[in-house]
Structure formats: structure tokens, C-alpha cells
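Please read it with the structure open.

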Amino acid sequence: MRTLIKNGQINTRKNETTPAEIWIENGKIKAIGEGFSEAEFDEVFDAKGQLITPGLVDVHVHLREPGFTYKETIAAGTKAAARGGFTTVCAMPNLNPVPDTPEKLEQVYDLIKRDAVVKVLQYAPITENLRSEVLVDQEAMIKAGAFAFTNDGVGVQTAGTMYQAMKEAAKNNKALVAHTEDESLLFGGVMHAGDKAKELGLPGILSVTESSQIARDLLLAEATGVHYHVCHVSTKESVRVIRDAKKAGIQVTAEVSPHHLILIDEDIPEDFGFWKMNPPLRGKEDREALIEGLLDGTIDCIATDHAPHGLEEKSKSFLESPFGIVGSETAFQLIYTHFVETNRFTLEQVINWMATKPAEIFQLEAGTLTVGAPADVAIFDIEHSSTIDKKDFLSKGENTPFVGWNVKGETLGTFVDGKLAWHKGE
């Protein structure tokens with residue numbers, strides 16, 4: 001099977017692009033150039049003069065299946081990912097049942113094989129049923145396909161449990177991925193502990209709830225030699241301790257989510273669940289620290305933390321609704337519009353943070369437009385504006401405050417192993 005993506009532009013350096021066509025054959029990139037004869041190809045996709053990038057890589061999504069299919073399914077979640085230009089996603093294990101045995105993990109992979117339209121790597125939990133202190137059998141889980149280990153959704157509360165898990169992960173050469181949240185410091189908080197929380201009369205979440213557990217884990221990571229990856233960094237203190245750890249030679253990587261780069265707690269207009277996420281939207285200084293952390297390499301990549309919920313449960317107050325925001329379908333658009341268009345980030349940096357770097361830090365065969373690489377490719381319209389409309393969402397969730405925002409960077413098409421997984425107008 002030969003496919004040609006014609007009439008495109010690829011990024012060369014900073015914000016510069018050059019005309020290019022992509023020759024795909026047998027699921028791989030065969031050549032990148034110009035002037036290929038269309039008659040030699042079985043399929044031709046017209047990029048319409050727009051941007052061709054490596055397929056984006058998202059190391060943090062929630063697909064909700066099994067257990068919570070009213071929120072999302074593997075089919076809907078991966079279609080949403082493809083619509084956002086993502087070709088590889090890494091799915092969190094806060095499912096029901098939690099995939100904490102090889103048999104349960106294999107069952108999840110059976111669902112993925114049946115329904116996914118993009119590549120899905122499934123995390124295994126650090127401990128049985130997420131909240132226990134009993135470690136999973138990491139070697140057995142790896143044999144069953146575990147991508148890495150995380151208790152995302154809850155922080156590992158006991159240092160001894162985290163230390164033992166890190167020792168095992170280091171021995172097995174797998175990443176230990178942490179949702180950092182010291183529950184003894186939560187005090188019932190539902191949004192950032194700042195002036196807006198006081199204004200709305202809601203209990204706040206202290207910044208130290210996150211940063212103190214990161215500080216603990218960084219010292220444990222140093223002691224064990226594990227690759228320690230921090231989920232959805234949100235505070236300036238967290239950025240500071242991660243920066244210091246990198247300078248000390250500790251093997252730490254970190255991600256940040258688009259909503260934390262763009263929004264702050266002062267943007268929250270009312271007590272409404274669509275604005276409730278964990279970690280919460282923080283203050284202006286935190287947002288600036290996150291941006292600076294990306295720019296100086298303290299934070300390695302951008303990940304969505306795509307977390308769909310049912311409309312009814314998210315349409316309540318902060319005190320009643322669950323944490324979470326969808327992001328697969330809007331991430332590239334938002335980052336491109338708010339940072340590349342304003343000259344804060346270069347296009348080259350954004351592609352690195354959303355495709356190349358996440359693949360690199362987790363040693364994935366993804367995130368690059370090179371001859372011989374898997375033909376995982378996205379095409380984005382960076383010329384024309386569009387409005388984020390929940391009616392267009394392929395995810396079952398619509399819980400995001402970004403609906404109605406005007407953006408550039410709409411996805412035109414997404415190829416996975418050379419096959420068209422989604423295209424505009426589908």
C-alpha cells in the first residue's frame with residue numbers, strides 16, 4: 001500500500017516551514033521530498049498547503065474503559081485523540097477493575113486491540129487497587145504489556161511504599177510516573193488556595209500539597225536511580241525543586257498540561273464543575289513558572305491529562321463534581337494559538353514538546369518525521385481560524401471551559417502506521 005501526502009509544509013527550524021510531500025509505504029515513511037508522481041500511489045491525501053508534523057504523543061490520558069464507559073470509551077477516546085493529531089497515547093490505570101494483575105491488564109489490551117484507532121500504551125498501577133500499600137508484581141505486569149507504573153488519580157502516600165516501588169522499577173528499567181498529592185495537606189480543598197477560592201467561599205488546595213510530595217520523591221529517586229516522571233506539574237515550587245533535582249543529576253522528567261499553561265484561578269468566573277481539575281488552576285506566578293520551566297528544559301513535555309466525565313456530574317458545583325478536563329481534541333490548537341501565534345514559543349519547540357520529547361523520554365518509536373520511521377503523521381491548518389465547538393467533539397466528554405474559544409491549528413488528518421485514522425469531514 002502506497003500513500004502520498006501532497007502539498008504540505010514541514011517545520012524546519014523555529015517557525016520556518018518548507019514545502020514537502022510524504023511518501024508512505026507499508027506503514028513506514030519511505031521518502032520525504034517533492035515532485036512524486038501521483039500515479040504511483042494507491043491513495044493521495046492533499047494537505048492543502050498546511051503543516052505536516054509527526055503524530056503527537058500524549059503520555060497522559062484517561063480512556064475510562066473498563067468501568068466508566070458513560071464517561072469515555074477506548075473507541076471514543078482514541079477517535080478524539082486522532083482528531084487532535086495524536087497517534088500515540090498512554091492510558092492511566094484508574095479503571096474498574098484496576099489492571100493490577102497480568103490477567104486484568106491483558107483484558108484491557110484486548111479492548112484496545114479491538115477498538116483503538118491510535119496506538120495505546122497502558123500504564124499499570126504501582127500498588128494493588130491504587131490505594132493500597134501492596135506493590136503489584138512489576139515483572140509479571142511488564143510481561144503482560146505494562147508501559148510504565150503509576151497510581152495517577154491519587155498520590156502514593158507512604159514514602160516506604162514509593163521507595164520499594166522505585167527500586168523495583170529501576171531494576172526493571174521502567175519509569176515510575178507520579179501523581180503527586182499529599183492527602184494530609186488537602187483539608188478538603190477543591191480549587192487553588194488563593195483569593196478566588198475565598199471569593200467563591202470554597203476550600204483551597206495548597207501548592208505544597210503537590211510540591212512537598214515531589215520533593216520527597218526526588219530524594220527517593222536519587223536513592224534508587226529510577227526514572228521518575230512527574231505528572232501535570234502546576235506550581236512554581238514544583239518547578240523549582242525539579243529544576244534543582246535535574247542540576248543534581250537526578251533522573252527526573254516532567255509534564256505540564258495546556259490548561260495550566262493558559263488559565264489561572266482568577267479566570268474562574270463562577271462555582272461550576274467544568275473549571276474543577278486536579279491539580280487545580282493555580283496563580284499567575286505559577287503559570288509563568290510553568291512556561292519558564294518548559295523554555296529552560298525543567299519541564300520536558302506537554303501532556304493533556306484528558307479526563308472526560310459525564311455532563312450531569314460535571315455540571316454541578318466544585319464541591320459536588322469530580323475533578324477533570326478533556327483535552328485531546330483541543331491541545332495543539334490552544335498551544336499553537338496562545339504561544340506560537342504570540343511568539344512566546346516557536347513551532348519547533350511545540351512539536352518537540354508534544355511529539356518528539358515525550359517519545360524520547362519514554363523510549364517510544366514515535367514522534368519523528370524521518371525515513372524508515374512509522375508513518376504516524378498529523379496535518380494541521382495553521383492558517384485559518386475556527387471555534388472550539390462541543391458539537392464537534394468525538395470524546396464522550398465535553399467538560400472544558402475552552403468551548404467557544406477562537407483558535408488556529410485545527411487537525412485536517414491523522415495517519416497511524418500509514419492508515420488514515422481520522423480526517424476533517426469524517
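1. Basis. This is a predicted model, in which local features need pLDDT of at least 70 and side-chain atom pairs count only at pLDDT 80 or more, while totals for chains, interfaces and linings use all residues. Residues are numbered from 1 along each chain as its sequence is written, and side-chain values use heavy atoms, with hydrogens and water left out.

2. Domains. The chain is assigned a domain 1 (2–50 + 381–423) and a domain 2 (56–367); such bounds come from an automatic or database domain assignment. The centres of the two domains, taken over C-alpha atoms, are 26 Å apart. Domain 1 puts 34 residues into the contact and domain 2 puts in 48 residues, contact being heavy atoms within 4.5 Å.

3. Domain interface. About 3,300 Å² is buried between domain 1 and domain 2, and carbon and sulfur atoms give 62% of that area. Buried area here is the accessible area (1.4 Å probe) that two parts lose on being put together, summed over both. On the domain 1 side, Lys396, Asn399 and Phe402 lose the most area to domain 2, together 20% of what that side buries.

4. Helices (H or I, at least four residues) and strands (E, at least two) are DSSP runs, numbered from the N terminus, and two strands pair if DSSP finds at least two bridges between them. Strand S1 (residues 2–13) pairs antiparallel with S2 over nine bridges, and Arg2 stands opposite Glu25 in S2. The S1–S2 hairpin has two residues between the strands, and Lys14 in the turn has a positive phi of about 45°. Strand S2 (residues 16–25) is joined to strand S3 (residues 28–33) by five bridges, also in the antiparallel sense. Glu25 stands opposite Lys28 in S3. The hairpin of S2 and S3 likewise has two residues between the strands, with Asn26 taking a positive phi near 55°.

5. Other partners of S1. S1 runs parallel to S4, with four bridges between them; Ile5 stands opposite Phe45 in S4. S1 also pairs with S5 in the parallel sense, over two bridges, and Ile52 in S5 is the bridge partner of Ile10.

6. The S6-S7-S8 sheet. Three strands form an open sheet in this order, with parallel pairing. Helix H12 (residues 347–361) lies across S6 and S7, at about 70° to S6. Axes are lines fitted to C-alpha atoms, for helices over the stretch in contact, and angles run from 0 to 180 degrees between N-to-C directions.

7. Nonpolar cores. A core is a set of buried Ala, Val, Leu, Ile, Met, Phe, Trp, Tyr and Cys residues joined through side-chain atoms within 4.5 Å. Buried means under 20% relative accessible area, exposed over 50%, and partly exposed in between (1.4 Å probe, protein chains only). The largest core has 91 residues, of which Leu176, Leu218, Tyr228, Leu261, Phe332 and Met354 touch the most other members. Helix H11 (residues 331–340) gives the most to this core, with seven residues, and the core draws at least three residues from each of domain 1 and domain 2. Apart from it lies another core of 17 residues, among them Tyr123, Phe147, Val177 and Ala366.

8. Backbone points to check by eye. The Glu65 to Pro66 peptide bond is cis, with omega near 10°; Pro66 sits in the loop between S6 and helix H1 (74–83). Asn278 and Pro279 are also joined by a cis peptide bond, with omega about 0°, and Pro279 is in the loop between helix H8 (258–262) and helix H9 (284–295). Lys48, not a glycine, has a positive phi of about 60° and counts as exposed at 60% relative accessibility. Asp305 has a positive phi near 55°, but counts as buried at 8% relative accessibility.
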